[in-house]
Amino acid sequence: QVQLVESGGEAVQPGGSLRLSCVRSGNMFSMYEMGWYRQAPGKQRELVAIMKSAGNVVYSDSVKGRFAASKDRAWTTVNLQMNNLRPDDTAIYYCYARGVPESGTTRGQDFWGRGTQVTVSS
């Protein structure tokens, strides 16, 4: 019932910038956590940035000061502004969301996008 679609990934040179976007479709869930993960070649998926319902944003130490996550009021669109990109930022970036059914069930569910490739090289 919920789909996440990322866009904006491409090849850039070190020091460059990109902005990724994620659009959520479906309205049967109330989201309370959304953000981004990434998976580099040969490595496990790791947290990039998560926006909490309380209003705070949790960033990975490796991207603090360089990346900024944002969303709209309805938790429908999520963005990730990436500045001062480094070669080790190269990864597939995945949009993530967690929410509860509007039907009243208290159990939360996780949702993932299919990913968008970011490549940082000279």
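Biologist: Are aspartate 89 and arginine 66 buried or exposed?

Modeller: Both aspartate 89 and arginine 66 are buried. Buried means under 20% relative accessible area, exposed over 50%, and partly exposed in between, with a 1.4 Å probe and protein chains only. This is a predicted model, in which local features need pLDDT of at least 70, side-chain atom pairs count only at pLDDT 80 or more, and totals for chains, interfaces and linings use all residues. Residues are numbered from 1 along each chain as its sequence is written, and side-chain values use heavy atoms, with hydrogens and water left out.

Biologist: What joins the side chains of aspartate 89 and arginine 66?

Modeller: Side chains of opposite charge can pair when their charged atoms come close. A salt bridge is a side-chain nitrogen of Lys or Arg within 4 Å of a carboxyl oxygen of Asp or Glu. Aspartate 89 and arginine 66 meet in such a bridge, at 2.8 Å from N to O.

Biologist: Where in the chain do the two partners, aspartate 89 and arginine 66, lie?

Modeller: Aspartate 89 is in the loop between strand S8 (77-82) and strand S9 (91-101), while arginine 66 is in the loop between strand S6 (57-59) and strand S7 (67-71). They are 23 residues apart, so the pair links distant parts of the chain. Strands (E, at least two residues) are DSSP runs, numbered from the N terminus.

Biologist: Which residues do salt bridges with shared partners join into one network?

Modeller: The network consists of Arg38, Glu46, Arg66 and Asp89. Within it, glutamate 46 bridges to arginine 38, with the closest N and O atoms 2.8 Å apart. Glutamate 46 is partly exposed at 35%, whereas arginine 38 is buried at 4%.

Biologist: How many salt bridges are there by this rule?

Modeller: The count is 6.

Key:
Helix = DSSP H or I, 4+ residues; strand = E, 2+ residues; numbered from the N terminus.
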